Amino acid sequence: MGEVSPPRNRRAVTALKRAWVPGVGLVMGRKALREIQETGEGGRSRALWAMGVNGVVTGALIAGIVSSWISGGPSAGDDLMAYQAGQCFDVPGLADAPQLADDFVAPVKKQDCSGPHEAEVVGRWASGRSYDAYPGRDAMGERALAECARRLTDYASDTWRWPDTLRLGAVGLDQGSQMFGRSSHVVCYVTGAAGRSVMQDPSARTPVQSAYLKAVDAYVVAAARKPDTKGAVADFDGWRTYAASMATASLRESEALRTGRWPAAAAQPLAELEALDQREAAHWRKAATAPGAGEVDREIAAAQAEDGYGDATAALRRVLGLPADGVRGHEVPV
């Protein structure tokens, strides 16, 4: 009779089949060798092959990751949650914004901000410091919009230079991102800038220019929390709450313009803007306390009506030496 071959070690067979999975073939191959030595089973050559192939695969993967970070940070396939302000990216396979869908953040591809790109990170919000427990998706999204608007005004404070198509977004709002392995951060980004960076250099402004832009920041942050629904019929409480915050923002802007130290030539447009802020605030307050949806919508429309705010602002900006082309109303693009 011929000699009977020893039975094949099952771990060795599995290790060879999974040799292309980083780390798996290496671990299983080592376990298989120990078992073969103890039991006398066959398959030693398979275990060695699995370990060799898997070592090459794992090494290549590690080298790729290291190379990616040495060359300047996150690259193709990286998680957007790792990105910082001033980094730009595309989302492979998505034609629109890299918005999360059903709490899934698509892998992104890093792009140079000086060249074409779909989106740009404008800041991060350490949301985990704000809540003891996850407040729910809606509350998280509303707060994130305001926090991201603040970061956008720090990143690009002159809203008149924002393109009309600019849109503000955030990722990391879902409960999983807030609780597990993401450091409880929300990443703020913009899209719709036609492939151009929206970053602005504050050192290029005079102190009075910076003071003016800071004076209007509160209005920009409040406006970013505008409800997504069309009118108070769909979200009565949401629109009234929004109107109350806009009334406060209008009054803050009026106060900042009234008490600031401005050139004498700015007196006339400043007086006009203060009066317009007060008029807007009155309509916002009425909308915030209106008993019916129709009245809420009418007062909001009155607050947002074209009333000469754009012309007065353009006149003030010319006095302060800021670009005044493309007159805008008081609405904010985002």
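D237 is exposed, because its relative accessibility is 53% (exposed is over 50% relative accessible area, buried under 20%, partly exposed in between; 1.4 Å probe, protein chains only). The residue sits in helix α8, residues 236-259. D237 and A288 are 51 residues apart in sequence, yet their C-alpha atoms are 8.9 Å apart in space. The model is predicted: local features need pLDDT of at least 70, side-chain atom pairs count only at pLDDT 80 or more, and totals for chains, interfaces and linings use all residues. Numbering starts from 1 along each chain as its sequence is written, and side-chain values use heavy atoms, without hydrogens and water.

**Whole chain**

- The protein chain holds 11 helices and five strands (DSSP runs numbered from the N terminus: H or I of at least four residues for helices, E of at least two for strands).
- Of its 334 residues, 42% are buried.
- Among contacts with a separation of 6 or more, 69% join residues 24 or more positions apart (contact means heavy atoms within 4.5 Å).

**The sheet**

- Five strands make an open sheet, ordered β2-β1-β3-β5-β4, with antiparallel pairing (two strands pair if DSSP finds at least two bridges between them).
- β2 (109-111) and β4 (167-171) are the edge strands; each has a single partner, so one side of each lacks a neighbour in the sheet.
- From one strand to the next, the twist averages 40° (axes are lines fitted to C-alpha atoms, for helices over the stretch in contact; angles between N-to-C directions run from 0 to 180 degrees).
- Helix α4, residues 137-155, lies across β3, β4 and β5 and runs at about 110° to β3.

**Strand β5 and its partners**

- β3 (residues 119-125) and β5 (residues 186-191) run antiparallel and are joined by six bridges.
- Across that pair, R124 has V187 as its bridge partner, and V121 has Y189.
- β4 pairs with β5 through five bridges, also in the antiparallel sense.
- Here A170 is the bridge partner of C188, and G169 is that of Y189.
- Six of the six residues of β5 are buried, so the strand is largely enclosed by the rest of the structure.
- In a regular strand, side chains alternate between the two faces of the sheet.
- In β5, V186, C188 and V190 point one way, while V187, Y189 and T191 point the other; all are buried.
- β4 is likewise largely enclosed by the rest of the structure, because four of its five residues are buried.

**Helices α9 and α11**

- The axes of α9 (residues 267-289) and α11 (residues 309-320) come within 9 Å and cross at roughly 145°.
- Their crossing is left-handed (the near helix is turned anticlockwise from the far one by less than a right angle; clockwise would be right-handed).
- α9 brings P269, L270, E272, L273, L276, D277 and E280 to the contact, where they meet Y309, A312, T313, A315 and L316 of α11.
- By class, this contact has eight nonpolar, one polar and three charged residues (nonpolar: Ala, Val, Leu, Ile, Met, Phe, Trp, Tyr, Cys and Pro; charged: Asp, Glu, Lys and Arg; polar: the others, Gly among them).
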